[in-house]
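Below is a short briefing on one protein model.

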Amino acid sequence: QKVPDGYYHLDRMLTTVIRHGGQIGCCGTCMDARGLADDLLVNGAHRSTLEEAADWTVMADKVVTF
């Protein structure tokens, strides 16, 4: 995808998070609704669940969403 000037490159942002030890979980329901297969995710990201999101939220000191 060609990102217009002035817009963020989400794949680059996520890759940086992963490179620094972050974990990226993508909503499986949202992926299914948009016809996204697991192989389209950035390397290091994975299909996730609400249960995993809840677990991460409980154990985290800070939570960032976008």
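The side chains of Asp-32 and Arg-47 form a salt bridge with an N to O distance of 2.9 Å (a side-chain nitrogen of Lys or Arg within 4 Å of a carboxyl oxygen of Asp or Glu). Asp-32 belongs to helix α2 (residues 28-33) and Arg-47 to strand β2 (residues 45-48), so the pair ties together parts 15 residues apart in sequence. Helices (H or I, at least four residues) and strands (E, at least two) are DSSP runs, numbered from the N terminus.

This is a predicted model, in which local features need pLDDT of at least 70 and side-chain atom pairs count only at pLDDT 80 or more, while totals for chains, interfaces and linings use all residues. Residues are numbered from 1 along each chain as its sequence is written, and side-chain values use heavy atoms, without hydrogens and water.

**Charge pairing**
- Arg-47 also forms a salt bridge with Asp-38, with the closest N and O atoms 2.9 Å apart.
- Shared partners join Asp-32, Asp-38 and Arg-47 into one network.
- Asp-32 is exposed at 53% relative accessible area, whereas Arg-47 at 31% and Asp-38 at 44% are partly exposed (buried is under 20%, exposed over 50%, partly exposed in between; 1.4 Å probe, protein chains only).

**Core**
- The largest nonpolar core comprises Leu-14, Ile-24, Cys-26, Met-31, Leu-41 and Ala-45 (buried Ala, Val, Leu, Ile, Met, Phe, Trp, Tyr and Cys residues joined through side-chain atoms within 4.5 Å).
- Beyond its neighbours within four places in sequence, Met-31 is in contact (heavy atoms within 4.5 Å) with residues including Cys-26, Leu-41 and Arg-47.

**Overall fold**
- The elements run α-β-α-β-α from the N terminus.
- Of the 66 residues, 14% count as buried.
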